[in-house]
Amino acid sequence: EPPGGRAPFRYSRRRRDYAEAIDAAYRRAAAALLGLFMQSPAEGGLDLLGRLRSMRSFFFLAKADWFGHLMDTAASELERPAEEVPLPRLDGLLDLAIRTSSVANDPYREDI
């Protein structure tokens with residue numbers, strides 16, 4: 001038996017043999033992908049649930065104090081026409097709002 005416990009793929013005239021091989025490959029790939037999404041970064045995974053929690057905090061304003069702080073500090077910039085607003089200034093104000101809010105310790109704040 002080859003490494004990995006899988007039999008080698010062989011030519012067959014029966015469609016069923018191919019369907020079984022494709023289904024087995026699909027199940028292995030789906031399980032590997034699910035494991036990658038669900039494992040923590042320490043385990044080599046992507047931590048999908050942690051990233052979704054971060055998105056909920058930022059985009060659905062579950063912890064909205066950063067947004068209020070941004071609106072307070074960037075009010076004068078936001079009142080100006082868009083082409084006159086320096087983007088680095090807005091980026092700095094957003095960073096300041098996030099660093100001084102309840103989401104400052106979010107592990108994925110830099111990815112958002």
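Let me start with a definition: rings of Phe, Tyr and Trp, the last by its six-membered ring, pair if their centres lie within 6.5 Å, and planes under 30 degrees apart count as stacked, over 60 as edge-to-face and the rest as tilted. What you see is a predicted model, in which local features need pLDDT of at least 70 and side-chain atom pairs count only at pLDDT 80 or more, while totals for chains, interfaces and linings use all residues. Residues are numbered from 1 along each chain as its sequence is written, and side-chain values use heavy atoms, with hydrogens and water left out.

By that definition, the structure holds two aromatic pairs. In one of them, the rings of F58 and W66 have centres 5.7 Å apart and planes at 50 degrees, so this pair is tilted. The other joins W66 and F67, and is edge-to-face, with 5.7 Å centre to centre and 80 degrees between the planes. As for exposure, where buried means under 20% relative accessible area, exposed over 50% and partly exposed in between, with a 1.4 Å probe and protein chains only, W66 is buried at 10%, whereas F67, at 34%, counts as partly exposed.

Which residues make up the largest nonpolar core? Taking such a core as a set of buried Ala, Val, Leu, Ile, Met, Phe, Trp, Tyr and Cys residues joined through side-chain atoms within 4.5 Å, the largest has eight residues, namely F58, W66, L70, A74, L93, A97, I98 and V103. The elements that give two or more residues to this core are helix 3 (65-73) and helix 5, helices being DSSP runs of H or I with at least four residues, numbered from the N terminus. If we leave aside neighbours within four places in sequence, I98 is in contact, that is, with heavy atoms within 4.5 Å, with F58, W66, V103, A104 and R109.
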